[in-house]
Amino acid sequence: MVTILKNLFLVLIGDRYRSDLTKDNPYRGLKDEELVKTIIETKNTLLFGIIYDRYANKVFTKCAGFSRSDDEAADLTQDVFLMIFVKMGSFKGDSKFSSWVYALTYNFCVNYVNRNKARKMSEKSENLDANDPGMSINVEDRSLFHLRSDKLKTVLEQIAPEDKALLLLKYQDDVPIKELCTILNVGESAVKMRLKRAKARLIETYNATP
């Protein structure tokens, strides 16, 4: 599926620099940030294929977590990479490029699920309800690793997409708190509170599911 998506994307951006995608191409040794800078400065758009190779599987996996089929996940992945391609010039290097990619993917998937609710994570209030049951429950990270994987997959489909995305970023993609701050554009305390609430809701739903 990823190979098909890549071929489709290369058709969209053209094949003027197709030789730049060979496995022994020196550009493949560049760090993400250096590669992005080169793409922007030289306008060698086919080098974006290297970015695609590095992130396609991760983005597809993340999109699959918010879709009902592989075809839908493939459509979402293509949309995410088109958005990355279009917005790449806005990357300033203030954070890791991976965090920037995760931010776009995270927001795109959540907004896709919530499209009928007309809301975005960046617009949500940071004021947490003190009466939210999740704020009074403390879930240790190690307890999450003892959950049955088959049941956990089902439960993840039942919780809010915002909570699901945050948990996947933290525990599937191993994104540290500081990078989550960049992705969500909030402070460290807000990230920790969101994680606490998301874990509590996950466990509550897990325990209520047969």
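Where is the place of Thr38? The notes below start there, then move along this predicted model.

1. **Thr38.** Thr38 has its place in helix H2, which covers residues 32-42. Is Thr38 buried or exposed? Its relative accessible area is 15%. The cut-off for buried is under 20%, so Thr38 counts as buried.

2. **Contacts of Thr38.** Set aside the neighbours within four places in sequence. Thr38 is then in contact with Tyr27, Leu30, Lys43 and Leu47.

3. **Lys43.** Lys43 sits in the loop between H2 and helix H3, the latter spanning 48-64. Its relative accessible area is 61%. Exposed means over 50%, so Lys43 is exposed.

4. **Backbone at Lys43.** Look at phi here. The angle is near 60 degrees in Lys43, a positive value in a residue other than glycine. Most residues other than glycine have a negative phi. A reader checking the loop between H2 and H3 will find Lys43 there.

5. **The acidic patch.** Which residues gather in a patch of negative charge on the surface? They are Asp70, Asp71, Asp75 and Asp79. Asp70 belongs to helix H4, which runs over residues 70-87.

6. **Glu188.** Glu188 is part of helix H10, residues 188-208. Its relative accessibility is 38%. That value lies between the 20% and 50% cut-offs, so Glu188 counts as partly exposed.

7. **Around Glu188.** Which residues does Glu188 touch, not counting those up to four places away in sequence? Glu188 touches Ile177 and Cys181. Ile177 and Glu188 are 11 residues apart along the chain. Their C-alpha atoms are separated by 6.9 Å.

8. **The overall fold.** How many helices and strands does the chain have? It has 10 helices and 0 strands. Read along the sequence, the pattern is α-α-α-α-α-α-α-α-α-α. Helices H2, H4 and H10 have already come up above.

9. **Packing and contacts across the chain.** The chain has 210 residues, and buried ones make up 47% of them. Now take contacts between residues at least 6 apart in sequence. Of these, 69% join residues at least 24 apart.

10. **Surface.** The accessible surface of the chain comes to about 11800 Å². Carbon and sulfur atoms account for 50% of that surface. The patch of negative charge formed by Asp70, Asp71, Asp75 and Asp79 is also on the surface.

Conventions: Residues are numbered from 1 along each chain as its sequence is written. This is a predicted model: local features need pLDDT of at least 70, side-chain atom pairs count only at pLDDT 80 or more; totals for chains, interfaces and linings use all residues. Side-chain values use heavy atoms; hydrogens and water are left out. Patches are made of residues with over 30% relative accessible area and no salt bridge: like charges are joined within 9 Å, nonpolar side chains (Val, Leu, Ile, Met, Phe, Trp, Tyr) within 5 Å. Accessible areas come from the Shrake-Rupley method with a 1.4 Å probe; for residues, only the protein chains shown count as cover. A salt bridge is a side-chain nitrogen of Lys or Arg within 4 Å of a carboxyl oxygen of Asp or Glu. Lys and Arg count as positive and Asp and Glu as negative; His and the chain ends are not counted. The place of a charge is taken as NZ of Lys, CZ of Arg, CG of Asp or CD of Glu. Helices (H or I, at least four residues) and strands (E, at least two) are DSSP runs, numbered from the N terminus. Buried means under 20% relative accessible area, exposed over 50%, partly exposed in between (1.4 Å probe, protein chains only). Contact means heavy atoms within 4.5 Å.
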